Amino acid sequence: MFDLIAGFAYSKVLFAMVESDLIDFLAQGARDLPDIAQAADLSEAAAERLMRAATALDLTEEIAPARWMLGEQGAALHSNAGAKAMIRHHRLLYRDLTDPLDLLRRNRAEPTELSQYWSYAGALYGHAERGEETREYSELMATSQHFVAEQVLSTFSFSGIGSVLDVGGGHGAFLKAIGATHAALTLGLFDLPEVADNARATLESELGAHRVTTHGGNFFSDPIPTGYDLITLSRILHDHDDDPALNLLRNIHKALAPGKRLLIAEPMAGVRGAEAMGDAFFGLYLWAMGSGRPRSPEEIKAMLSEAGFAHSRVIPTPQPVVASMIVATA
């Protein structure tokens, strides 16, 4: 129970270590307290308090009196750009959760820190000339999509698949990871026209223009491109409420020939080993975002059946806390 009570403070220690750049600073080597205090713009007393808290969480290790280096968790975090991007991003969620009951009582159409962030970032999504404003958004999406791609690549067999279309593919981070591992695949990306246009150059440069086709459109209302062996939805379905999510699945089903498949990869509710991540984290995150909810594999399979898919099955992933996976056959 005390860990539940104190979890907020643990998260804040982690956030402070990342936001102050002390994780990266200590990755350069062991440092004495005065250097740490100067690097973080803290008094020595405050820096010592933070370092002792970080040591308790295995982010740092005190190797001599008032001298610290990275601990095991800190070293792992330093090498993980995606995790650091998400930690920084969560400052918005912390603000929205200052009063969780107030958040839950509000109309979901009312603006929150998260909903305004995603709305703003989405509006800028395809505008490269405003790169500084979209840098954090792009980094967050690209690096965190790589986590999901790792789960898919470690568990799903692409044998017999010649072409893949990633629906809602954004900047193409998920598709790049798939294409780099399976060089024989031809690849398609479907997203809003300005987003697809923005992704084209990078995908063609890294994977080859002969392998990549980008398609612009709205995946709720426009026909989804046909002729692909596999369509993927990477962290898309849980962003949408039930009615639009079901419409999206129906639209995808229309695009698939009989026997072709849809792969859904995202954090799900009620998955053994990731229960807290599904409902306690993503449940509140998506509420604050103003759209979507985590669904259990059983709920998603029921939606797939209603959308017209012949059958579906869950494929276990090594880290369901990052993403679970369902494959459905048209």
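Begin by selecting Asp-102 and Arg-106, whose side chains meet in a salt bridge with an N to O distance of 3.9 Å, and keep in mind throughout the tour that this is a predicted model. Asp-102 is partly exposed at 37% relative accessibility, and Arg-106 is also partly exposed, at 25%.

Next, select Asp-229 and Lys-260, where the side chains form a salt bridge at 3.0 Å, N to O. This pair links distant parts of the chain, 31 residues apart, since Asp-229 sits in the loop between strand 6 and strand 7 while Lys-260 sits in the loop between helix 13 and strand 8. Asp-229 is buried, because its relative accessible area of 18% falls under the 20% limit, whereas Lys-260 is partly exposed at 29%.

Now move to helix 4, residues 44–56, and select Glu-48 and Arg-52, which are 4 residues apart and therefore separated by about one helical turn. Their salt bridge brings the closest N and O atoms to 3.1 Å from each other. For a linked group, select Asp-242, Arg-293, Arg-295 and Glu-299, which are joined in a network of salt bridges; the structure holds 17 salt bridges.

Finally, select His-182, in the loop between helix 11 and strand 5. Leaving aside neighbours within four places in sequence, His-182 is in contact with Leu-153, Phe-158 and Arg-211; the C-alpha atoms of His-182 and Phe-158 are separated by 8.0 Å.

How values were computed
Residues numbered from 1 in each chain as written. Predicted model: local features only at pLDDT ≥ 70, side-chain atom pairs only at ≥ 80, totals over all residues. Heavy atoms only, no water. Helix = DSSP H or I, 4+ residues; strand = E, 2+ residues; numbered from the N terminus. Contact = heavy atoms within 4.5 Å. Salt bridge = Lys/Arg side-chain N within 4 Å of Asp/Glu carboxyl O. Buried < 20%, exposed > 50% of the residue type's maximum accessible area, 1.4 Å probe, protein only.
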